[in-house]
Amino acid sequence: MSFFDFVVILAIIGVMLGALSVSKSATNREQAAQMRRKKIRDLRNELVDIDELLHTLLVYDRNTDLLDSLHDRMLTDLNQGLRLLPDSEDLIEDLQALDTLKAQIEQLKVTPLAPEVPKSDRQIFLLKRHFSRATKFIRDMTAQGDMDQQACEIHRNRLQTSSVMLEVSAYRRQGHDAKERGEIASAANFYKHAKEVLTNTELKFDDRLALIKTVSREISGLYLTHKDDPGG
């Protein structure tokens, strides 16, 4: 092999190595971009989930300690997203919306409000689903070190008990409304639903048995009232 042929071969090898290096660099950049896009998608999905939970808890739980914890988690996620995409209009808008949520939480601290009672079966369904998701999210936050175990247990127990009690209150309210309209059969069904929720739950809490007796009296009282009503 002549010296010239050797130089040509070296040149060809150099070009090939250079091409491989460029290709590898481009591949690495694409992989990094894909990872960044996935991270953004994951953050956005978590933000949507937490936002749903926050809005439900603002109505049906109203515990400001838990609301603060979820707000802080959203703020952390948003700041991570903005570090990846500083000019993202969506994330900037989310940050502004988070300020509004923070103001609502602070207002609850100044003027505490009792949780609302669901007014429909759909609201009951959403409350139960979101309370269950919130309980799971709280456990995840605890596992990640974002909440201590004691706070986790306090929030978890409250949400589980509140889910049952609010469902019972909702059915009893619907029963009261049906009774006022003279719809005795409908009222009885709502009261029976409330009693079933109380008797079927595995949770143990104060006044559970007393509440079961109260609802039982409401059911029997319906028929007594209806029987004694001359117009019934």
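This is a predicted model: local features need pLDDT of at least 70, side-chain atom pairs count only at pLDDT 80 or more; totals for chains, interfaces and linings use all residues.
Local features require pLDDT of at least 70 and side-chain atom pairs pLDDT 80 or more, whereas totals for chains, interfaces and linings use all residues. Residues are numbered from 1 along each chain as its sequence is written, and side-chain values use heavy atoms, without hydrogens and water.

A salt bridge is defined as a side-chain nitrogen of Lys or Arg within 4 Å of a carboxyl oxygen of Asp or Glu. By this rule, the model contains 19 salt bridges. One of them joins the side chains of R44 and D94, with an N to O distance of 2.1 Å. Because R44 lies in helix α1 (residues 3-60) and D94 in helix α3, this pair ties together parts that are 50 residues apart in sequence. Helices are DSSP runs (H or I, at least four residues), numbered from the N terminus.

R172 forms a salt bridge with E218, with the closest N and O atoms 2.6 Å apart. This pair links distant parts of the chain, with R172 in helix α5 and E218 in helix α7 (residues 208-228), 46 residues apart. E218 counts as buried at 17% relative accessibility; buried means under 20% relative accessible area, exposed over 50%, and partly exposed in between (1.4 Å probe, protein chains only).

Within helix α4, D140 and K136 lie 4 residues apart, about one turn of the helix, and their side chains meet in a salt bridge of 3.3 Å, N to O. D140 is partly exposed at 30% relative accessibility, and K136 is likewise partly exposed at 46%. A network of salt bridges links E46, R73, D77 and D146.

How values were computed. Helices (H or I, at least four residues) and strands (E, at least two) are DSSP runs, numbered from the N terminus.
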